[in-house]
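Let's walk through this model together, one stop at a time. Have the sequence and the 3D view open side by side, and click along as you read.

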Amino acid sequence: MKAKSLLIGFLTGTVVAGVATLLSTPSSGKDLRTRIKTNTEEIKNTIDELKVKMLNIKDDTMEASQISKETVKTFISDVQVVIENWKREIEPNKNELLKNVQEIENSLKELEAASPSSKKINS
């Protein structure tokens, strides 16, 4: 919709500028009619060129949008694979850390049980 508004604005400006130029320059009626015909053809050609360019821009934009979508999907997929690999790599370390924490807790309980101060408190 923005491209259509831009095109309409551009065409309107071109027509107004052409008409203003034709009417403001001094010339005979015959010369003026000839210039109007010439400029009409030029304006039609310009409009046709603009249509083609706008269609090309639209096609390029749609293609870029599609490529962007595919790139983002690929990126997300790659990130998910990396995260899954990281989880698998860290799993053995996680289990080892939990085992070490359990051993430390058991050692602390043994130390508390063997400590003379804990025996006095319990008595």
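Predicted model: local features only at pLDDT ≥ 70, side-chain atom pairs only at ≥ 80, totals over all residues.

Isoleucine 36 has a relative accessibility of 37%, so it counts as partly exposed; the buried class would need under 20%, and the exposed class over 50%. You will find isoleucine 36 in helix 2.

A second pair spans a longer piece of sequence. Lysine 4 and methionine 54 are 50 residues apart along the chain, while the C-alpha to C-alpha distance comes to 8.5 Å. Lysine 4 sits in helix 1, which covers residues 2-24. With a relative accessible area of 54%, lysine 4 is exposed, because the exposed class begins over 50%.

Now step back to the whole chain. There are three helices and zero strands, and reading along the sequence gives the pattern α-α-α. The chain has 123 residues, and 4% of them count as buried. Its accessible surface comes to about 10700 Å², with 63% of that belonging to carbon and sulfur atoms.

Val72, Phe75, Ile76, Val79 and Ile83 make a nonpolar surface patch of about 430 Å². Take isoleucine 83 as a member of that patch: the residue lies in helix 2, which runs over residues 29-114. Its relative accessibility is 41%, so isoleucine 83 counts as partly exposed.

Next, look at the charged side chains. How many salt bridges does the count come to? The count comes to one salt bridge, and the partners are glutamate 84 and lysine 87, whose closest N and O atoms are 4.0 Å apart. Why does this pairing make sense along the helix? Glutamate 84 and lysine 87 are three residues apart in helix 2, so about one helical turn separates them. Are these two side chains buried, exposed or in between? Glutamate 84 has a relative accessible area of 40% and is therefore partly exposed, and lysine 87, at 43% relative accessibility, counts as partly exposed too.

Finally, a word on confidence. The mean pLDDT of the chain is 81, and 87% of the residues reach 70 or more. Among the elements, helix 2 has the highest mean pLDDT, at 85, whereas helix 3 (residues 116-122) has the lowest, at 58.

Conventions
Residues numbered from 1 in each chain as written. Heavy atoms only, no water. Patch = residues over 30% accessible without salt bridge, like charges linked within 9 Å, V, L, I, M, F, W, Y side chains within 5 Å. Areas by Shrake-Rupley, 256 points an atom, 1.4 Å probe, with all protein chains shown as cover. Helix = DSSP H or I, 4+ residues; strand = E, 2+ residues; numbered from the N terminus. Buried < 20%, exposed > 50% of the residue type's maximum accessible area, 1.4 Å probe, protein only. pLDDT = per-residue confidence, 0-100.
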